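Student: I would like to learn how to read a model of a protein, one feature at a time. Could you take me through an example slowly?

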Amino acid sequence: QRARAMSIVVWATTVGSVAGPQLSAPGAKLGSALGLNSLVGPYLFSITAFVLATLVTLSMRRPQRPLSGGTSGRNVSMLECLRVAWNHPLTLLGMVAVITGQMMMTSVMVMTPLHMHHQDMGLELVGIVISSHILGMYGLSPVVGWLADKIGPRMVIYLGMAIFAL
């Protein structure tokens with residue numbers, strides 16, 4: 001049930017990701033009210049949220065023992081993690097699938113707000129579109145996690161590739 005557990009974490013973050021773009025218009029008003037460029041306001045919300053998340057994370061207790069399958073409690077460098085992934089084909093396939101999917105999604109979605117702005121659509125509508133997109137990407141993650149536990153991660157990756165191709 002590892003995939004299902006991880007998918008629930010992803011799903012939980014969807015709440016903030018869907019709500020976040022809805023703060024674009026209020027953020028713009030905040031930026032203007034503070035005498036700043038209106039597009040600075042949403043960043044102020046983000047900075048505040050990141051600071052609060054950092055404080056909450058720092059206040060949490062660290063695990064007393066390594067996690068199952070962990071590294072005996074020692075710190076592991078990113079390079080060492082990549083070396084391990086390189087030697088495990090399924091891990092490498094998962095990384096390539098996630099990175100490729102992220103690149104495809106980013107390529108489309110980075111242009112969407114710009115195109116909408118050039119079509120004279122307001123920040124409220126941009127926020128709704130971005131929120132809908134995020135909900136579509138992650139809303140079913142518990143189902144995908146369950147499916148990965150049932151049919152295996154490789155089959156789920158191939159299913160995702162077929163969906164991307166369509």
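Tutor: Let us begin with serine 24, which is buried, with a relative accessible area of 17%. Please keep in mind throughout that this is a predicted model.

Student: Why does serine 24 count as buried?

Tutor: The general idea is that a residue is called buried when its relative accessible area is under 20%. In this case serine 24 has 17%, and therefore it counts as buried. Serine 24 is found in helix H2, which covers residues 24–33.

Student: Which residues is serine 24 in contact with, leaving aside its neighbours within four places in sequence?

Tutor: With those neighbours left aside, serine 24 is in contact with Pro42 and Leu123.

Student: Now I would like to step back to the whole chain. How many helices and how many strands are there in the protein?

Tutor: The protein has nine helices and zero strands, and its elements, read from the N terminus on, run α-α-α-α-α-α-α-α-α.

Student: How should I read the radius of gyration of the protein?

Tutor: One way is to set it beside the value for a compact globule, which for 166 residues would be near 15 Å, whereas the protein has 20 Å. The box filled by the C-alpha atoms, taken along the principal axes, is roughly 50 × 45 × 30 Å. Of the 166 residues, 16% are buried.

Student: What share of the contacts between residues at least 6 apart in sequence join residues at least 24 apart?

Tutor: That share is 58% in the protein. A case to look at is isoleucine 134, in helix H7, which touches Thr14, Ser17, Val18, Pro21 and Gly139 when residues up to four places away in sequence are not counted. Isoleucine 134 is buried, because its relative accessible area of 14% falls under the 20% limit.

Student: Where is valine 51 found, and is it buried, partly exposed or exposed?

Tutor: Valine 51 is found in helix H3, residues 41–59, and with a relative accessible area of 46% it is partly exposed, because that class lies between 20% and 50%. Between the C-alpha atoms of valine 51 and isoleucine 134, which are 83 residues apart along the chain, the separation is 23 Å. For the surface as a whole, the protein exposes about 12600 Å², of which carbon and sulfur atoms supply 71%.

Student: What does the side chain of threonine 112 reach?

Tutor: The side chain of threonine 112 reaches the backbone oxygen of valine 108, at 3.1 Å. Threonine 112 belongs to helix H6, residues 112–118, and it is buried, with a relative accessible area of 18%.

Student: How far apart in space are isoleucine 99 and arginine 4, C-alpha to C-alpha?

Tutor: They are 20 Å apart in space and 95 residues apart in sequence. Isoleucine 99 is found in helix H5, residues 89–109, and at 49% relative accessibility it counts as partly exposed.

Terms used
Residues are numbered from 1 along each chain as its sequence is written. This is a predicted model: local features need pLDDT of at least 70, side-chain atom pairs count only at pLDDT 80 or more; totals for chains, interfaces and linings use all residues. Side-chain values use heavy atoms; hydrogens and water are left out. Helices (H or I, at least four residues) and strands (E, at least two) are DSSP runs, numbered from the N terminus. Buried means under 20% relative accessible area, exposed over 50%, partly exposed in between (1.4 Å probe, protein chains only). A polar contact is a pair of N or O atoms within 3.5 Å; within protein, one must be able to donate a hydrogen and the other to accept it, and residues adjacent in sequence count only if both atoms are side-chain atoms. The radius of gyration is taken over C-alpha atoms; the globule rule is 2.2 Å times the number of residues to the power 0.38. Contact means heavy atoms within 4.5 Å. Accessible areas come from the Shrake-Rupley method with a 1.4 Å probe; for residues, only the protein chains shown count as cover.
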